[in-house]
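Dear colleague,

My notes on what was found in it follow, and I would be glad if you read them with the structure open beside you.

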Amino acid sequence: MTEPTTQSLTDDLGFSPVSGPTHTRRNRLGTMFAEARSWFRAWRRTRPFWGALWVIVAGAWIIYWMSFDIGIALTGGWSYSAGYVMGGALIMFGLVTWLAPHYKSLAGVVAFLIALGAFPTANLGGFVLGSVLGIIGGSMIWSWGEKKPSERVTSGG
């Protein structure tokens with residue numbers, strides 16, 4: 001048996017399967033994906049990302065388990081609209097934490113208190129899970145400290 005030569009691996013135009021136009025396109029797409037991932041990781045390190053994510057999920061969970069139509073909630077009073085108000089506030093404070101991390105102390109404490117308040121007012125805070133996620137997320141936001149940039153040892157003069 002003979003092994004294939006590089007001449008047999010090229011087509012009539014002289015492109016090898018490894019260095020063809022599709023390979024270059026894949027490299028560009030891979031590079032763009034790597035750059036986007038690197039940007040997202042750097043962005044995520046400068047804010048309490050996971051705590052805000054838990055608070056947003058808690059707010060969405062509380063809103064999801066409200067058993068009232070939005071029309072009834074608007075006209076029925078506080079007992080009908082509490083879940084929408086509490087859940088919407090949790091989502092808002094999670095987004096504020098992502099977009100303006102210097103307000104993390106205020107947003108974390110208020111999200112914690114809203115999650116506690118959602119327990120008696122909004123279907124046990126989304127059947128307990130929404131309140132628990134909000135309490136954990138608010139605590140994570142409040143206790144977060146910005147990570148320092150990693151120091152890499154560079155060789156050279």
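Alanine 82, once its neighbours within four places in sequence are left aside, is in contact with Thr121 and Ala122, where contact means heavy atoms within 4.5 Å. Alanine 82 is found in helix H5, helices being DSSP runs of H or I with at least four residues, and strands runs of E with at least two, numbered from the N terminus. Because its relative accessibility is 0%, alanine 82 counts as buried; the classes used here are buried for under 20% relative accessible area, exposed for over 50% and partly exposed in between, with a 1.4 Å probe and protein chains only. From C-alpha to C-alpha, alanine 82 lies 7.7 Å from alanine 118, although 36 residues separate the two in sequence.

Before going further, please keep in mind that this is a predicted model, in which local features need pLDDT of at least 70 and side-chain atom pairs count only at pLDDT 80 or more, while totals for chains, interfaces and linings use all residues. Residues are numbered from 1 along each chain as its sequence is written, and side-chain values use heavy atoms, with hydrogens and water left out.

As to the overall picture, the secondary structure comes to eight helices and zero strands. Of the 157 residues of the protein, 28% count as buried, and among contacts between residues at least 6 apart in sequence, 67% join residues at least 24 apart. The protein exposes about 11000 Å², of which carbon and sulfur atoms supply 66%; accessible areas come from the Shrake-Rupley method with a 1.4 Å probe, and for residues only the protein chains shown count as cover.

To return to H5, its 22 residues should span 32 Å at 1.5 Å a residue, and its end C-alpha atoms are 30 Å apart, which agrees; the expected span is 1.5 Å times one less than the number of residues. Besides Ala82, the buried residues of H5 include Met86, Ala89, Leu90, Phe93 and Trp98. H3, with 16 residues, reaches 22 Å from its first C-alpha to its last, close to the 22 Å expected, and its buried residues include Val55, Ile56 and Ile62. Leucine 53, found in helix H3, is partly exposed, with a relative accessible area of 26%, and its C-alpha is 6.6 Å from that of glycine 94, which is 41 residues away in sequence.

The largest nonpolar core has 19 residues, and those with the most contacts inside it are Val55, Ile62, Leu90, Phe93, Trp98, Ala111 and Ile114; such a core is a set of buried Ala, Val, Leu, Ile, Met, Phe, Trp, Tyr and Cys residues joined through side-chain atoms within 4.5 Å. The elements that give two or more residues to this core are H3, helix H5 (78-99), helix H6 (104-121) and H8, and the largest share, six residues, comes from H3. Isoleucine 114, leaving aside its neighbours within four places in sequence, is in contact with Met86, Ala89, Leu90 and Phe93.

Helix H3 (49-64) and helix H8 (129-143) are the elements that give two or more residues to the patch. Tryptophan 54, placed in helix H3, is partly exposed, with a relative accessible area of 37%.

Two backbone angles deserve a look. Most residues other than glycine have a negative phi. Asparagine 123, which lies in helix H7 (residues 123-127), has a positive phi of about 50° although it is not a glycine, and at 26% relative accessibility asparagine 123 counts as partly exposed.

With best regards
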